[in-house]
Amino acid sequence: MFLPIPVPGANTLLRNCLVIFTVLVALAAAMTSWCPVSCICNDQLVVHCSGQGLADVPLDLPLATRQLLLSDNKITELPTVQLNYLSDLVYLDCSNNSLYHLSKTTFINLKKLAYLDLSFNKLVQVDDRMFVALASLVVLRLTDNPGLDQMHVDAFAENSALQVLDISRNNLTLLNITTLITLPALRSIGVSGNPWECECSNEDLCLWMQVEDYKFQDDESTLCRGPAPLSGMRLSELGLKLRVDCHQGLDSWDYLFLLTVGFLIFSGGTVSAWVMGVVMLLYERWENKQENEEGDEEEGSGGEKQGNGDLNKPIQQV
């Protein structure tokens, strides 16, 4: 025997809805109201934790934070899990800290982040997957990291919204611009203050600066460290010079390319000549056939006229 299941009345349903609504409101208020002890939070979802001598990022940040200011502290690492709870974060300032390494998952959930400042830290390299999740990133500042001497060619391959990139005053001697020149929105880039080697390995960078100098905010102060004859010269002055100097001779790949092109041209010419000869031969035969058919038709019509003659004349008997 089954007992009847009691059906809640309208008052009970209303009371339950009010309880749920109250809990949700309390949670929403908690998400925006609590604030770390060492920080200042305002109604615009901005959390100021700058200049507090912090060694670590506060763990009790409001989940609805949109701007987080962590500059001028002693932070050595960004906590991946806690940071990625801030899915609405659009502005992150970590400048003037002691960051030396960023994991490939550090920013994995910050899809809305548009501004990132990592200047004045201790970073030594930029990996290919470091900023891959930052599809909305517009401004990236990576200046004044004295140990930063390596930057992967695909470091910014996924940052199609990037407009401003500043990598000034680091320890870069070489920059592969393959990915940078394909960024559709990039309009400003800073590269001054690095010990650039103006050799063939940096030919593309120098030529890019010469051709699109309007993108470089510090063209006048972007100088060569070496080699000695070029020391102190502007990179933007050496683009065409390096293009000429670095391509005076041919290497094995150049010879292979020329041989391949020559073979293709020869093969194409031979095939074209053969096809043309076949076409001309077929046309000549067709033309001769047409002439023969026309001659046969003329002979046939002449014989017909001669045989018929004048039908009114009487037939002569032999």
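Reader: Hi! Is Cys41 buried, partly exposed or exposed?

Author: Cys41 is partly exposed, with a relative accessible area of 28%. Buried here means under 20% relative accessible area, exposed means over 50%, and partly exposed is in between (1.4 Å probe, protein chains only).

Reader: Thanks! What should I keep in mind about the model and the numbering?

Author: This is a predicted model, where local features need pLDDT of at least 70, side-chain atom pairs count only at pLDDT 80 or more, and totals for chains, interfaces and linings use all residues. Residues are numbered from 1 along each chain as its sequence is written, and side-chain values use heavy atoms, with hydrogens and water left out.

Reader: Great. Which residue does a disulfide join to Cys41?

Author: That is Cys35, with an S to S distance of 2.0 Å. A disulfide is a pair of cysteine sulfur atoms within 2.5 Å. The link of Cys35 and Cys41 is right-handed, with 85 degrees about the S-S bond.

Reader: And how accessible is Cys35?

Author: Cys35 counts as partly exposed, at 27% relative accessibility.

Reader: How many disulfides does a search of the whole structure find?

Author: The search finds four. Counting bonded cysteines along the chain, the pattern is 1-3, 2-4, 5-7, 6-8.

Reader: Nice. How far apart are the sulfur atoms of Cys39 and Cys49?

Author: They are 1.9 Å apart, and the two residues form a disulfide. Cys39 lies in the loop between α1 (10-33) and β1 (40-41) and Cys49 in the loop between β2 (46-48) and β3 (67-69), so the pair ties together parts that are ten residues apart in sequence. Helices (H or I, at least four residues) and strands (E, at least two) are DSSP runs, numbered from the N terminus.

Reader: Are Cys39 and Cys49 buried or exposed?

Author: Both Cys39 and Cys49 are buried. Their link is right-handed, with 110 degrees about the S-S bond.

Reader: Switching topic: what is the handedness of the link of Cys198 and Cys224?

Author: That link is left-handed, with -90 degrees about the S-S bond. Cys198 lies in the loop between β11 (196-197) and α3 (203-211) and Cys224 in strand β12 (residues 224-226), so the pair ties together parts that are 26 residues apart in sequence. Their sulfur atoms are 1.8 Å apart, and both residues are buried.
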